[in-house]
Amino acid sequence: MPPLTTIGFDADDTLWENETNYHAAKRRFAALLSPAQPEERALAVLDEIEVRNVEVYGYGIKSYSLSMLEAAARLATGPLEPALLDSLLAIARDMLRTPVELIDGVVDVLQQLTPRYRLILLTKGDLFEQQSKIRRSGIADRFAFIRVLHAKTPEVYREVLHDAGAPAEQFVMVGNSLRSDVLPALAIGARAIFVPHPLTWSHEHVQPETMPGSGWIEIASIAKLPAAIQALEDE
Ligand SMILES: [Mg+2]
C-alpha cells in the first residue's frame, strides 16, 4: 500500500466527549417524568423517537430537543405543563453550553502527528453546533482542513477528499463509529482506525462479522494512534 499522507479525524467521541452530554440529558429527562413513568420506559420511548427523527431533523441537540418534547407528550398522562416544557428546554440549553472536554491524550497525539502528516477534521452533524464546538475545542488550528458534513457516506468522503486534495489510498480515517468513520472510508479505498468509545449511540452499531478483514485496525485509546498508523503503513 502507498504511504499515508493525510489523517482524517472524526470529532464527537473521538477528539472530545459528546455522548456523555446526551447521557446526562437523558437522565434528567427521565427524572422529570418520574415517578409517573419508570426510567426504563421513558428512555426507550425517547430513543425510539430520536432514531426516527434523525431522518427528519438531522443530527444534533436541537433535533434531540424536539424528540424530548415529542417523547414527553407521548408519555404524559395529561396535557404538558408549562413548567415541564421549561425544564425540557433548559436541558437543551445546558447541553448547548456544555464545555468541550477533550479526550485524554488527544493534544499529545496531534502534536506527534503534525510534523509528518496533514491532519483534517471531518465531523457529521448540525453546522452551528459543530462549528461552535470546533471553535471552543482549542485545537482547531491543528487541522489543515475542516468540514462539517451532513452525512458520512462513501460519496461524501470521495467529495471531501477531492476537495482536500488527498488521494484515498493515502488517506486514513480515525473515528469511534464503524458505520460512519470506518466502513465508508474502506468503501472508497482508504484505510481506517477504529477507536471505540464506551458510550457509542446504538444507532451507530454494526455487526462485527460484516466488517472487512483488512485495511483497518481497532485501538483501545487515541494514545495508540501513532503506532496504529505505522502498522497500517507496514501492512
Ligand atoms: Mg464520533
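What you are looking at is a predicted model, in which local features need pLDDT of at least 70, side-chain atom pairs count only at pLDDT 80 or more, and totals for chains, interfaces and linings use all residues. Residues are numbered from 1 along each chain as its sequence is written.

Where they touch, 11 residues of domain 1 are in contact with 10 residues of domain 2; two residues are in contact if their C-beta atoms, placed from the backbone, lie within 7 Å. The domain 1 side of this meeting has 2 nonpolar, 5 polar and 4 charged residues. Here Ala, Val, Leu, Ile, Met, Phe, Trp, Tyr, Cys and Pro count as nonpolar, Asp, Glu, Lys and Arg as charged, and the others, Gly among them, as polar.

Now look at helices H2 (residues 39–57) and H3 (residues 61–75), whose axes come within 8 Å and cross at roughly 135 degrees. Helices are DSSP runs of H or I with at least four residues, strands are runs of E with at least two, and both are numbered from the N terminus. Axes are lines fitted to C-alpha atoms, for helices over the stretch in contact, and angles run from 0 to 180 degrees between N-to-C directions. H2 and H3 are therefore oblique to each other, since angles under 35 degrees count as roughly parallel, over 145 as roughly antiparallel, 65 to 115 as roughly perpendicular and the rest as oblique. Residues making the contact include Leu46 and Ile49 of H2 and Leu66 and Met68 of H3. By class, this contact has 11 nonpolar, 3 polar and 3 charged residues.

Next up is helix H8 (residues 178–187), which is largely enclosed by the rest of the structure because 8 of its 10 residues are buried. (Buried takes 20 or more other C-beta atoms within 10 Å of a residue's own, exposed 12 or fewer, and partly exposed is in between, with C-beta atoms placed from the backbone.) Among the elements covering those buried residues are helix H7 (154–164) and strand S4 (171–175). Just after H8, glycine 189 takes a positive phi of about 90 degrees.

Finally, find valine 206 in the loop between S5 and S6. Valine 206 counts as partly exposed because it has 13 C-beta neighbours inside 10 Å. Leaving aside neighbours within four places in sequence, valine 206 is in contact with Leu178, Arg179, Leu183 and Met211.
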